[in-house]
Amino acid sequence: MRGSTAALMAAALLMLLVSPALLMLLLSPAASDMYEQETRRMFVKWKAKYKITYKYTGEEECRYALFKNARRIVARYKAARVTTTGLNGLGAHASEEVLQGEGVQIGEGSYEEETRRMFVGWKAKYKKTYRDVGEEECRYMLFKGNRRVVVDLNAAAAAAAGKTAYGLNQFGDLTMEEVRESCDGEMEGKLSALCQAAVAGYAGVHHRPIRSQVCWCITSELKQTESGGSAIPGDEAHMQI
């Protein structure tokens, strides 16, 4: 069981960090529909196996999105022979939930408060609404995890030039699988070369490489404040959303 949990932990950490080729992968409509149907059936069986139920319809759909994302990642891990295990009872958890109790909570109190405030502003900016409180909390957990990537990206940008900061764009509450379906690389070129340079060779979230598509698909480049302050990770002056 511990090995299975560790495998899913590793999968969760790569939730946002797939190769550009995989990000650009476009399935045919027929293959996509078959994959969707199969994943839906797997989700039903998975819920029954682990006796998992959800109170809200919107929450269940969000959890399904997480399950689908985890399935894709575990399949890649199996193909690469990183693991031989499948999805366990954490298969519909966001990385933030999986990592609770795993040593990432230093300063979590202030980080949580700040992220909650940012989420309110982000929802207003992108006119985001959710079907129920369950879905909103699930999407918040995704937003919180995506923000960690952006914080690390800001740290890399600050180290490289000290003048650039990034925030979350409209994809900020999506899984990587949903981003793959929503973002086909059209944002490439809209962000500066510095954003691309900031991720090159950088060991980001838990020492996993942040690939250049992070710049394309989940971040927005922000104008530097007139005061020209440094892009401190988590500094709200540089994480305006």
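This is a predicted model: local features need pLDDT of at least 70, side-chain atom pairs count only at pLDDT 80 or more; totals for chains, interfaces and linings use all residues.

For the first entry I need one cut-off: I call two cysteine sulfur atoms a disulfide when they lie within 2.5 Å.

Entry, disulfide. I looked for such pairs and found 1 disulfide in the structure. Cys62 is joined to Cys138, with S to S at 2.1 Å. I checked the handedness too: the angle about the S-S bond is -80°, and the link of Cys62 and Cys138 is left-handed. What does the pair tie together? Cys62 sits in helix H4 (residues 57–79) and Cys138 in helix H7 (residues 133–160), so the link ties parts that are 76 residues apart in sequence. I also looked up burial, and both Cys62 and Cys138 are buried.

Entry, loop. I moved on to Thr83, which is in the loop between H4 and helix H5 (95–98). Buried or exposed, I wondered about Thr83? Its relative accessible area is 13%, and the cut-off for buried is under 20%, so Thr83 counts as buried. I also noted a polar contact of 2.8 Å between the side chains of Thr83 and Thr85.

Entry, cores. The largest nonpolar core has 17 residues, and the ones touching the most other members are Leu66, Phe119, Trp122, Phe143, Tyr166 and Leu168. H4, helix H6 (108–125), H7 and strand S1 (165–168) each give two or more residues to this core. Which element gives the largest share? That is H7, with 8 residues. I then found a second, separate core of 10 residues, with Ile52, Phe67, Leu87 and Ala92 among them.

Technical notes
Residues are numbered from 1 along each chain as its sequence is written. Side-chain values use heavy atoms; hydrogens and water are left out. Helices (H or I, at least four residues) and strands (E, at least two) are DSSP runs, numbered from the N terminus. Buried means under 20% relative accessible area, exposed over 50%, partly exposed in between (1.4 Å probe, protein chains only). A polar contact is a pair of N or O atoms within 3.5 Å; within protein, one must be able to donate a hydrogen and the other to accept it, and residues adjacent in sequence count only if both atoms are side-chain atoms. A nonpolar core is a set of buried Ala, Val, Leu, Ile, Met, Phe, Trp, Tyr and Cys residues joined through side-chain atoms within 4.5 Å.
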